[in-house]
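Here is my note for you to read beside the model. Please keep the sequence and the 3D view open as you go.

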Amino acid sequence: MCIKKEWIPNFTEYSVRNKSMYKPNKRERNYAHLAFSMALKSRVRHGKHCAILYNNRNEIVSIFVNEYNFVNGKQCSIHAEQGVIDNFRKSNPMVSLSDHTIMVIRGNIYGEFTMSKPCIHCYKCISESGIKRIIYSSYGVFSFERIILD
Ligand SMILES: [Zn+2]
């Protein structure tokens, strides 16, 4: 599956009702640093993202860095959120993700965490996967937001 740019509406807000600032615990901070260092290795020029999927025992079950993909000779990119879910599903088609958390981190070349709120397409993928908690890097120094899905 490949996300074409034109499929992604320029939504600035969604699910505002269940969104709040979030203070990650120590383990999540470590995950954020891990995801950050991996994101910086992404070859995607316009945004370097890494997504980590972990279960309620804080065990990482999947990691994915966004990457280019070619479909019918056209270049597009696989978003980190979609890749991390697809990777997990390949080997665990039947496992419920309802007690899993997805963390999405974006880094820039200046070594800063930047806004990594999932796009509307990834938001739909996450929602359909059954995942209930999304944590992502936000604006500001090492700040995070969290969305709890119904
Ligand atoms: Zn996306």
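The points below go from the whole chain to single residues.

1. **Ground rules.** This is a predicted model, where local features need pLDDT of at least 70, side-chain atom pairs count only at pLDDT 80 or more, and totals for chains, interfaces and linings use all residues. Residues are numbered from 1 along each chain as its sequence is written.

2. **Confidence.** pLDDT is the predictor's confidence in each residue, from 0 to 100. The mean pLDDT of the protein is 89. 89% of its residues reach 70 or more. Over residues 6-11, however, the pLDDT is below 50. This stretch still has seven contacts in the model beyond near neighbours in sequence. A contact here means two C-beta atoms, placed from the backbone, that lie within 7 Å. Where pLDDT is low, the predicted coordinates should not be read in detail.

3. **Overall plan.** The protein has three helices and nine strands. Helices (H or I, at least four residues) and strands (E, at least two) are DSSP runs, numbered from the N terminus. Along the sequence the pattern reads β-α-β-β-β-β-α-β-β-α-β-β. Take the contacts with a separation of 6 or more: 59% of them join residues 24 or more positions apart.

4. **Burial.** Of the 150 residues in the protein, 34% are buried. A residue is buried if 20 or more other C-beta atoms lie within 10 Å of its own, exposed if 12 or fewer, and partly exposed in between.

5. **Strand β2.** Look at residues 48-54, which form β2. Seven of its seven residues are buried. Both faces are covered. K48, C50, I52 and Y54 lie on one side. H49, A51 and L53 lie on the other.

6. **Partners of β2.** Which strand pairs with β2 over seven bridges? It is β6 (residues 101-107), in the antiparallel sense. Strands count as paired if DSSP finds at least two bridges between them. In this pair, Y54 stands opposite T101. β2 is also antiparallel to β3 (residues 60-65), joined by five bridges. There I52 stands opposite I63. The hairpin of β2 and β3 has five residues between the strands, and N58 takes a positive phi near 60° in it.

7. **The core.** The largest nonpolar core has 34 residues. Such a core is a set of buried Ala, Val, Leu, Ile, Met, Phe, Trp, Tyr and Cys residues joined through C-beta atoms within 7 Å. A35, C50, A51, I52, V84 and M103 touch the most other members. α1 (26-39), β2, β3, α2, β6, α3, β8 and β9 each supply at least two residues of this core. α1 gives the most, with six residues. Now zoom in on I52. Not counting residues up to four places away in sequence, I52 touches Y31, A35, I60, I63, V84 and M103.

8. **Helix α2.** α2 covers residues 80-91. Its 12 residues should span 16 Å at 1.5 Å a residue, and its end C-alpha atoms are 17 Å apart, which agrees. The expected span is 1.5 Å times one less than the number of residues. A80, E81, Q82, G83, V84, I85 and F88 are the buried residues of α2. They pack against β2, β3, β5, β6 and α3 (120-129).

9. **F64.** Is F64 buried or exposed? It is buried, because it has 24 C-beta neighbours inside 10 Å. F64 sits in strand β3. Leaving aside neighbours within four places in sequence, F64 is in contact with A51, A80, G83, V84 and N87. F64 and Q82 are 18 residues apart in sequence, yet 8.6 Å apart in space, C-alpha to C-alpha.

10. **Two loops to check.** Most residues other than glycine have a negative phi. N72 has a positive phi near 50°. N72 is in the loop between β4 (67-71) and β5 (74-78). These strands pair in the antiparallel sense over five bridges, and V71 stands opposite K74. Their hairpin has two residues between the strands. N72 counts as exposed because it has 5 C-beta neighbours inside 10 Å. F142 also has a positive phi near 50°. F142 lies in the loop between β8 (133-137) and β9 (144-148). With 13 C-beta neighbours inside 10 Å, F142 counts as partly exposed.
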